[in-house]
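Reader: I would like to learn how to read a structure like this one. Could you take me through it feature by feature?

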Amino acid sequence: MERMTSGYKKNAARTKTLFRIYRKLYARFGPQGWWPADGAFEVMVGAILTQNTAWSNVEKAIANLKGENAMRPARMAGMPHRKLAALIKPSGFFNVKAARLRNFLRFYMKRFDGDIRALKRVPLDGLRKELLSVNGIGKETADSILLYAAGKPSFVVDAYTKRVFSRHGFVPEEAGYDALRDVFMKNLPARTGLFKEYHALLVALCKRHCLSRKPVCRGCPLSGIKGHSFRG
DNA sequence: TGCCAGGCCGGGT
DNA sequence: ACCCGGCATGGC
């Protein structure tokens, strides 16, 4: 018997609503072309560095790494904790993140020999579990790596996704990561390009309209969307 | 000045 | 199974 981890089922009305939201955002903000990085390895590093951190700070850390020619798996993996931590300092939590990067790199070198093509050969679900087993890689980081580095249709949920969807009443305020992810995974076709743009567009929306903690954003492109609920 | 940013882990209940 | 403190910098 298959275990129900959420109450959501595939549902034509929900699919329609998700596409309606997508089209509104796309019409407003255009193609985002995410993830903003120079290659798959940089995507994975950035995904760890941006944990609970402003992207502008991550950019400084990435620039430091590139300046030391360290944006390469073998080189970064061979770097002492202290040195790596110093380079990524602007991104904050530098001791924690240096350890997490090194954990990931040990896994990446050992399991895939630092070769992104090898990583891409592993099917989505299995690879997701492997990534989640690395200390320092949680659900959002794993899904970001899967989608934007490996090119697999794994929808990324983040604080913005949750803010938009709960604030507009599409999901309950208390909805967790898995419930939110299921909304997209179970009601959209599993297309990588669609998932990439959708997540990026939600970020664009929040940066433009939802940064404040006010419950409703003025001029929100989604204000006209009928509040079809994804509850239960 | 104080609050916040594209989380995650570990220990306590 | 939750809940919470800790981790740290730079920008407004």
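Author: Start with one residue: N95 lies in helix α6. Helices (H or I, at least four residues) and strands (E, at least two) are DSSP runs, numbered from the N terminus. This is a predicted model, in which local features need pLDDT of at least 70, side-chain atom pairs count only at pLDDT 80 or more, and totals for chains, interfaces and linings use all residues. Residues are numbered from 1 along each chain as its sequence is written, while chains are lettered from A and ligands numbered from 1 in the order in which they are written.

Reader: Is N95 buried, exposed or partly exposed, and why?

Author: The general idea is a count of neighbours. A residue is buried if 20 or more other C-beta atoms lie within 10 Å of its own, exposed if 12 or fewer, and partly exposed in between, with C-beta atoms placed from the backbone. N95 has 13 other C-beta atoms within 10 Å, so N95 is partly exposed. Also, 14 residues along the chain separate N95 from H81, and their C-alpha atoms are separated by 8.0 Å.

Reader: Which residues come nearest to DNA strand C?

Author: A residue is near a molecule or strand if its C-beta atom, placed from the backbone, lies within 6 Å of it. Around DNA strand C there are 13 residues, and P90, G92, F93, N95 and V96 come nearest.

Reader: How does the surface near DNA strand C divide by class?

Author: Ala, Val, Leu, Ile, Met, Phe, Trp, Tyr, Cys and Pro count as nonpolar, Asp, Glu, Lys and Arg as charged, and the others, Gly among them, as polar. The surface near DNA strand C has five nonpolar, six polar and two charged residues.

Reader: How many residues surround DNA strand B?

Author: DNA strand B is surrounded by 25 residues, and the closest are Q51, N52, G138, T141 and A159. Here the elements that give two or more residues are α9 (139-149) and α10 (159-167). Helix α9 gives the most, with four residues. By class, the surface near DNA strand B has 11 nonpolar, 10 polar and four charged residues.

Reader: Where is Q51 found?

Author: Q51 sits in the loop between α2 (40-49) and α3. Q51 counts as partly exposed because it has 19 C-beta neighbours inside 10 Å. Q51 and G138 are 87 residues apart in sequence, yet 9.7 Å apart in space, C-alpha to C-alpha.

Reader: Which residues of α9 are buried?

Author: Nine of the 11 residues in α9 are buried, so to speak mostly covered. They are T141, A142, D143, S144, I145, L146, L147, Y148 and A149. These buried residues pack against α2, α7 (116-120), α8 and α12. After α9 comes G151, whose phi is positive, near 70 degrees.

Reader: Which residues are buried in α8?

Author: In helix α8 (residues 124-132), the buried residues are L127, R128 and L131. They share the same side of α8 because they cover an arc of only 105 degrees around the axis. That arc is taken from the directions from the helix axis to the C-beta atoms. On the other side of α8, D125, G126 and K129 are exposed. The buried residues of α8 pack against α9.

Reader: Which residues touch the most other members of the largest nonpolar core?

Author: A nonpolar core is a set of buried Ala, Val, Leu, Ile, Met, Phe, Trp, Tyr and Cys residues joined through C-beta atoms within 7 Å. The largest one here has 57 residues, and A61, L84, L101, F104, I145, L201 and L205 touch the most other members. Helix α12 (residues 192-210) gives the most to this core, with nine residues.

Reader: What is L201 in contact with, leaving aside its neighbours within four places in sequence?

Author: Two residues are in contact if their C-beta atoms, placed from the backbone, lie within 7 Å. With those neighbours left aside, L201 is in contact with L25, Y26, F29 and Q32.

Reader: How many helices and strands does chain A have?

Author: Chain A has 12 helices and zero strands. Of its 232 residues, 34% are buried.

Reader: What pLDDT does chain A average?

Author: pLDDT is the predictor's confidence in each residue, from 0 to 100. Chain A averages 91, and 89% of the residues score at least 70. Over residues 1-6, pLDDT stays under 50.
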